[in-house]
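Please look over the sequence and the model below. The paragraphs that follow go through the parts one by one.

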Amino acid sequence: MATTGDRSRAVTVSALDSLDFALDRSSPVPLYYQFAQQLEAAIERGILAPGDLLGNEIDLSVRLGLSRPTVRQAIQSLVDKGLLVRRRGVGTQVVHSKVRRPLELSSLYDDLETAGQGPTTRVLRNERVPATAEVASALGLAEGGEVTVLERLRFTHGQPVAYMCNHLPATLLEADTARLESTGLYRMMRSAGITLHSARQTIGARGATAEEAARLDEKEGAALLTMQRTAYDDTGRAVEYARHVYRASRYAFDFQLLVRP
């Protein structure tokens, strides 16, 4: 009967045999960094999938002709990025790839699902409140008018990736908590007959507060990407004012830039 170690070794061989590591020993780039970069690229391209095992450091060092400390340093750098995890009795395992999201008016839930990232949501707050001056201005409402505020944590493969705070006109739709935890907000809007047309969006970056760090499983002061957006429907009505923060270690926005004629 095959042991757990035998099964792990079989998965390891299958996963890594498809990779051709090209390590340039004459390069000034450290070998651990070359190995880590190629492993990360394989995870990003899906060659190494969530759940794949890399085997133990001794086997990898023998196969690659590297010292064990070099292999350990490469693996640790990807553990620190959240791409690999060390599991006692299992070995080093691929967790996920970094989320790369196109900069367009789309739902984070839809983008994660399309990328095979297994999105899940935890609703932290869903209630109607008076609009602050900031929210009222963004949504074109009177200050103090009623709005729905939604606070959610979005996860991929069980790991938190984003904290989202959204304000909607109170009469826009029925924001059912159970539905919010099983699907995306924009899907709910489409189901309610709301056609999203455009948005004004600002991207930034800053360090995590203590509260954000606790929610996102980061250290206080860790780099976060920020996004502030007001979305409009096809009649020009503001239907959403959003303020989101994303773990920079797990998340990136992709831009396509065109040369102006």
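Leu 84 stands opposite Val 94 in strand S3. This pair belongs to S2 and S3, which run antiparallel to each other and are joined over four bridges; two strands count as paired if DSSP finds at least two bridges between them. Helices (H or I, at least four residues) and strands (E, at least two) are DSSP runs, numbered from the N terminus. S2 and S3 form a hairpin with three residues between them. In the turn, Gly 89 has a positive phi of about 80 degrees.

The model is predicted: local features need pLDDT of at least 70 and side-chain atom pairs count only at pLDDT 80 or more, while totals for chains, interfaces and linings use all residues. Residues are numbered from 1 along each chain as its sequence is written, and side-chain values use heavy atoms, with hydrogens and water left out. pLDDT is the predictor's confidence in each residue, from 0 to 100. Its average over the protein chain is 81, and 80% of the residues score at least 70. Over residues 1–14 pLDDT stays under 50, and the model has eleven contacts beyond four places in sequence for this stretch; a contact means heavy atoms within 4.5 Å. Where pLDDT is low, the predicted coordinates should not be read in detail.

On its other side, what does S3 pair with? S3 (residues 91–94) pairs with S1 in the antiparallel sense over two bridges, and Leu 53 stands opposite Gln 93 in S3. The three strands form an open sheet in the order S1-S3-S2, with antiparallel pairing. S1 (53–55) and S2 (84–87) stand at the edges with a single partner strand each, so one side of each is left without a neighbour in the sheet. From one strand to the next, the twist averages 35 degrees.

Helix H4 (residues 68–80) packs on the sheet and touches S2 and S3; its direction makes about 110 degrees with that of S2. Axes are lines fitted to C-alpha atoms, for helices over the stretch in contact, and angles run from 0 to 180 degrees between N-to-C directions.

The axes of helix H3 (residues 57–64) and H4 come within 9 Å and cross at roughly 110 degrees. H3 and H4 are therefore roughly perpendicular to each other, a term for angles of 65 to 115 degrees. Glu 57, Ile 58, Leu 60 and Ser 61 of H3 make the contact with Arg 68, Val 71, Arg 72 and Ile 75 of H4.

Key: Parallel < 35°, antiparallel > 145°, perpendicular 65-115°, else oblique.
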